[in-house]
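Here is a short walk through a protein structure. Keep the sequence and the 3D view open as you read.

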Amino acid sequence: MTQKPLVGILMGSDSDLPVMKKALAVLAEMGVACEMDISSAHRLPDKTAEYARTARERGLEVIIAGAGMAAHLAGVIAAHTTLPVIGVPLASGAMNGVDALHATVQMPPGIPVATVAIDGAKNAAYLACEILSIKYPELTDALEKYREETRRTLMEKSAQLRQV
């Protein structure tokens, strides 16, 4: 794998960091270099647009964007790049993330955003790895190893539970 960042992780606020760090951890485990920043779609619209417009030339291949409430961070990023964008709706506000889910998943034709579950930063990172595995086959091995470890762990827990 390359040492240059392949995945950009953006969030609308530093309050989103506890959830978005989970994506960072998965990418590190998979050996995927990434960068992380704060860039609000509404409070820093010029920075957000510039980040998206220049992402490809900076070497990024996938962007993960997390935001809560009805923030449109992933959608704004997708409007300014043709790179794959994965939206992570974050649980916050009166609707506890349902508004963020709707804002992230309801995109107009031609501006897609792949969307994971509310607070699903880990799955966003796994999806980014799956996308990257098309070009970087060593990620296929890492993903298969992770899934096998997950299966093995669950089988062990199942066996222990049956003995109770």
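What volume does the largest cavity have? The largest cavity has a volume of about 40 Å³. On a 1 Å grid over the protein atoms alone, a cavity is a set of points where a 1.4 Å probe fits but cannot get out. Grid points are joined across faces, edges and corners, and a volume is the space filled by probe spheres set on the points. A search of the whole structure finds one cavity of 30 Å³ or more. The elements giving two or more residues to the lining of the largest cavity are S3, H3 and S4. Its lining residues include Ala65, Leu73, Val88 and Thr104; a lining residue has an atom within 4 Å of a point. By class, that lining has seven nonpolar, three polar and no charged residues. Here Ala, Val, Leu, Ile, Met, Phe, Trp, Tyr, Cys and Pro count as nonpolar, Asp, Glu, Lys and Arg as charged, and the others, Gly among them, as polar.

A word on the model. It is a predicted one, in which local features need pLDDT of at least 70 and side-chain atom pairs count only at pLDDT 80 or more, while totals for chains, interfaces and linings use all residues. Residues are numbered from 1 along each chain as its sequence is written, and side-chain values use heavy atoms, with hydrogens and water left out.

Now the largest pocket. A pocket is an open set of points with protein on both sides within 12 Å along at least five of seven lines. The largest pocket has a volume of about 150 Å³. Its lining counts 13 residues, and Gly12, Asp16, Arg43, Gly68 and Ala71 lie nearest its centre. Four of the lining residues are nonpolar, seven polar and two charged.

Next, the sheet. Five strands form an open sheet, in the order S2-S1-S3-S4-S5, and the pairing is parallel. Strands S2 (34-38) and S5 (114-115) are the edge strands, each pairing on one side only. Helices (H or I, at least four residues) and strands (E, at least two) are DSSP runs, numbered from the N terminus. Two strands pair if DSSP finds at least two bridges between them. Strands of a sheet pair through backbone hydrogen bonds, either parallel or antiparallel.

Start at S1 (residues 7-11). Five bridges join S1 to S2. Across them, Met11 has Ile38 as its bridge partner, and Ile9 stands opposite Met36. S1 also pairs with S3 over five bridges. There the partner of Leu10 is Ala65. Why is S1 largely enclosed by the rest of the structure? Five of its five residues are buried, so S1 is largely enclosed. Buried means under 20% relative accessible area, exposed over 50%, and partly exposed in between (1.4 Å probe, protein chains only). In a regular strand the side chains alternate between the two faces of the sheet. In S1, Val7, Ile9 and Met11 point one way, while Gly8 and Leu10 point the other way.

S3 is mostly covered as well, with seven of its seven residues buried. Val62, Ile64, Gly66 and Gly68 point one way from S3; Ile63, Ala65 and Ala67 point the other way. S3 and S4 pair over six bridges, and Gly68 has Leu90 as its partner in S4.

The buried residues of helix H2 (residues 45-54) are Thr48, Ala49, Tyr51, Ala52 and Thr54. They pack against S1, S2, S3 and helix H3 (73-79). Contact means heavy atoms within 4.5 Å. Helix H4 (residues 98-105) lies across S3 (62-68), S4 (85-90) and S5, and runs at about 165° to S4. Axes are lines fitted to C-alpha atoms, for helices over the stretch in contact, and angles run from 0 to 180 degrees between N-to-C directions.

Some single residues are worth a look. Asp99 sits in helix H4. Is Asp99 buried or exposed? Asp99 is buried, with a relative accessible area of 17%. Asp99 touches Met69, Ala70 and Ser92, not counting residues up to four places away in sequence.

Most residues other than glycine have a negative phi. Asn96, in the loop between S4 and H4, has a positive phi near 55°. Asp119 has a positive phi of about 65°. Asp119 is found in the loop between S5 and helix H5 (121-132) and is partly exposed, at 31% relative accessible area.

Finish at Gln160, in helix H6 (residues 137-163). Gln160 is exposed, with a relative accessible area of 53%.
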